[in-house]
Each structure stands twice: as C-alpha cells, then as structure tokens.
Amino acid sequence: TVFLGESTLNLNDRDRAVLTDENLQAAPDVWAAGDIARYPADGATERIEHWRVAQQHGILAARAMLGRPEPVESRVPFFWTKQWSTSLRYVGHAAKWDEIIVRGDIAPEGKFIAYYIAGGKLVAAAGVGFDTQIAALNLLMRENRTPSIEQLRDPSLEITIGN
C-alpha cells in the first residue's frame, strides 16, 4: 500500500492497511479487499491475511458496489493446512480468548477439537480429525447460532451437518 501514501485514503498507522467500513468501502466509489483491507470488528479493526478471506472480501465488495451490501462479519474465516499426514482445520477468528475447551487428544497424531471462547461465546474452533464438525460450525457461526459454552463443555454434544 506504499503507493497509496499520497492518496486521500485512510491507512492504519501500524500496518498501512486501508481502513474500510463494515462493507469494505474505503471512500466513495473505492473498496478494499483481502490483505490490504482493515475493517471494523469487535470494537477495533481486523485484517486477516489468507487467500480464502480475500475471496470472501471480493464477493462482499462486489455486492456492496451493486447496492446489495453484506457486512464483512456475514462471512466466517475458514483455514486449513496439511503438514505431512495431518490436516488441521480452523474456523472463525480468535485474536484473543478467555478459555479453550478441548475435546480429544492434542498429543502428536491425536484427534481433537478446540473451542476458543471470548466474551462468553464461541469465536473460533480448530481441529484434527473433526472435519465434519468444523464444517458445521462454519455454517452455525455464519448464522450466529453457535452452541453455548455449557453445550460445548458437554462431552455428549454432537455437532454435525444434517443429511
């Protein structure tokens, strides 16, 4: 974003990201998406560097340009990585958290899901071997219908996608 230094766009002092509103609009007729966009989130601003988030931002910016805005929080970040034979999936975003509830065994080659809790609600989950549950949480987070903390602590809780 160095080339934007002389523009009228507002840039974040720390990382020089383009500051946007909840619809990724930075100025009249100007939208920013992906790694360069910093948008309102949880009383502050947030910037996530990941190609899937950039894809989601492109969709949201296009909708806003067409007069059908959807706020950036209507899309839930989803990441995954595969290292050797282990596939880790992560949904949501937790820059900070109050508690982590873990089910399963994190030990090497373990199968687990970890629920990140902040402000009394589920904000993210990470897991190995819980792909269906992570996918279901993605849908539940988008609809703001996540399980309560009490439900997440209950070992009998089954989070799945219906047939």
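Two strands count as paired if DSSP finds at least two bridges between them. In this predicted model, β6 and strand β7 (residues 86–92) meet that rule with 6 bridges, in the antiparallel sense.

Gln133 is a residue of helix α2. Its relative accessibility is 18%, and the cut-off for buried is under 20%, so Gln133 counts as buried. Apart from neighbours within four places in sequence, Gln133 is in contact with Ile113 and Ile159.

## The three-stranded sheet

A further open sheet has 3 strands in the order β1-β4-β5, with mixed pairing. Its edges are β1 (18–19) and β5 (44–46), each with a single partner strand, so one side of each is left without a neighbour in the sheet. Strand β4 (residues 37–41) and β5 run antiparallel and are joined by 3 bridges. Pro40 stands opposite Thr45 in β5.

## Aromatic side chains

The model has 5 aromatic pairs. One of them is formed by Trp51 and Trp80: the ring centres are 5.5 Å apart and the planes are at 85 degrees, so the pair is edge-to-face. Trp51 is in helix α1 (residues 51–65) and Trp80 in strand β6, so that the pair links distant parts of the chain, 29 residues apart. Trp51 is partly exposed, at 49% relative accessible area, and Trp80 is partly exposed at 38%.

Trp97 and Tyr116 also pair edge-to-face, with ring centres 5.0 Å apart and planes at 80 degrees. Trp97 lies in the loop between β7 and β8 and Tyr116 in strand β9, so this pair ties together parts 19 residues apart in sequence. Trp97 is partly exposed, with a relative accessible area of 41%, whereas Tyr116 is buried, at 15%. Together with Phe79 and Tyr90, Trp97 and Tyr116 form one aromatic cluster.

## A charge over a ring

The charged end of Lys111 sits over the ring of Phe130, 5.2 Å from the ring's centre.

Key:
Residues are numbered from 1 along each chain as its sequence is written. This is a predicted model: local features need pLDDT of at least 70, side-chain atom pairs count only at pLDDT 80 or more; totals for chains, interfaces and linings use all residues. Side-chain values use heavy atoms; hydrogens and water are left out. Helices (H or I, at least four residues) and strands (E, at least two) are DSSP runs, numbered from the N terminus. Buried means under 20% relative accessible area, exposed over 50%, partly exposed in between (1.4 Å probe, protein chains only). Contact means heavy atoms within 4.5 Å. Rings of Phe, Tyr and Trp (its six-membered ring) pair if their centres lie within 6.5 Å; planes under 30 degrees apart count as stacked, over 60 as edge-to-face and the rest as tilted. A charge sits over a ring if NZ of Lys or CZ of Arg is within 6 Å of the ring centre and within 35 degrees of the ring normal.
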